[in-house]
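Hi,

Here is the structure I promised to send over.

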Amino acid sequence: MAPINNHIPQMTIGQQVDMLGKASKDYVAQGITTNTDAAVGFNNLEDLEVHLKAAEQKINPMRTRLMIMHQQLREGQPFGGYSPAQLDLELRERSGGWVKLDSAKMFQDGSIQGLTGALRLPYYQNQDVYGDFIHHQEAFNEEVLDLHRRGFRITTHGNGDRAIGSILAAYEYALSNSPRTGHRHRIEDVQTATTEDIMKMRELDVAGSFFINHVYYWGDRHKQIFLGPERGRRISPLAEAVAHNLLFTLHSDCPITPISPLFSVWAAVNRITREGHVLGPEQRIDVETALKSMTIFGAKLNFDESRSGSIEIGKQADFTILEADPTAVHPEEIRDIAILATFIDGNPVYGQEKVMTT
């Protein structure tokens, strides 16, 4: 990406804060009250400053969680000597409590459609291509162990099943060398996880964040080009995750696909592709479970289930008002339900005019 990034005009911190403020308006308009940046510090920590200033100046009204890139946590780097508690405290203090640490972020492969997701079997129309790991397994194991011992929750991107297996091997290595319960380590995307991978995740108490929007946007191409019919139909195997009692959430990978929790719920429930096919109907899940994956399950993944994720006395007043009940409309209409208003900490941040006039 560097050859292209080097030619993109650089914005000042102030300009980026302004852009983040504009983006936050799109998020709250979709009913989002908490957001996560999944790769802070990929090149430098300028994006961290943007998040902190946007929160401090009340330009971003949402609660923000940050996945800090692992290289920033290495010895000799800005956060090399930090514990998770120390880093989280610094983020909270500098943002007035609106920015928190989510996890240490790693990547172990790329994308299926880029032929860089690491697969156990070759790509369907490229029989000599398997994709590659980003980290050699031995070094990967040791870095995961270091972060785990320091107390970090670790979130690792894994699209291909071989990468998912590699991530689980690293997590198991860390847990066997330094046992710890309640770690909530997780895998991002989990796109081509096999049944055995799902079972291993449950055994290690590893959570998943499924890029369910893949089913709609790339499902047809995965089936026809990248993975073939059998592997293609079982991408994002949510029904198996439910069957094995796996803790999971859904994500859009915005800006890879548009941000919309209701669209992700729709995709999980219907598994309809762009061409109008149902991709792997056996992996569909019910509406209530899909809604929980975007609310209470997500809150649990955030270690925040006592304060968010559901509307209860004593919890934060973060909620959304919808035009219709997702459990009552036809499943294919879920993505079209309008967001009437969004409240954060009891304050309206979107659509208050609509609520006052209805």
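**Helix packing**

Helices α3 and α4 are oblique to each other, a word used for angles that are not under 35 degrees (roughly parallel), over 145 (roughly antiparallel) or 65 to 115 (roughly perpendicular). Before going on: this is a predicted model, in which local features need pLDDT of at least 70 and side-chain atom pairs count only at pLDDT 80 or more, while totals for chains, interfaces and linings use all residues. Residues are numbered from 1 along each chain as its sequence is written, and side-chain values use heavy atoms, with hydrogens and water left out.

Back to that pair: the axes of α3 (residues 46-56) and α4 (residues 84-95) cross at roughly 45° and come within 8 Å. Helices here are DSSP runs of H or I with at least four residues, strands are runs of E with at least two, and both are numbered from the N terminus. Axes are lines fitted to C-alpha atoms, for helices over the stretch in contact, with angles from 0 to 180 degrees between N-to-C directions. On the α3 side the contact (heavy atoms within 4.5 Å) involves Leu 48, Glu 49, Leu 52, Ala 55 and Glu 56, and α4 brings Leu 91, Arg 94 and Ser 95. That contact divides into 4 nonpolar, 1 polar and 3 charged residues, where Ala, Val, Leu, Ile, Met, Phe, Trp, Tyr, Cys and Pro count as nonpolar, Asp, Glu, Lys and Arg as charged, and the others, Gly among them, as polar.

Next, α5 (residues 137-149) packs on α6 at about 50°, with the axes 8 Å apart. That angle makes α5 oblique to α6. The crossing is right-handed, meaning that the near helix is turned clockwise from the far one by less than a right angle, with anticlockwise for left-handed. Among the residues in contact are Phe 140, Val 144 and Leu 145 of α5 and Ile 167, Ala 170 and Tyr 171 of α6. By class, there are 10 nonpolar, 5 polar and 2 charged residues in this contact.

Helix α6 (residues 161-177) also packs against α7 (residues 195-204), at about 20° and with axes 11 Å apart. That makes the two roughly parallel. Here α6 passes α7 in a left-handed crossing.

**Two backbone spots to check**

Most residues other than glycine have a negative phi, and most peptide bonds are trans. Val 190, in the loop between β5 (186-189) and α7, has a positive phi, near 50°. Cys 254 and Pro 255 are joined by a cis peptide bond, with omega about 15°. Pro 255 sits in the loop between β7 (248-250) and α11 (261-270).

That's it from me; happy to talk it through.
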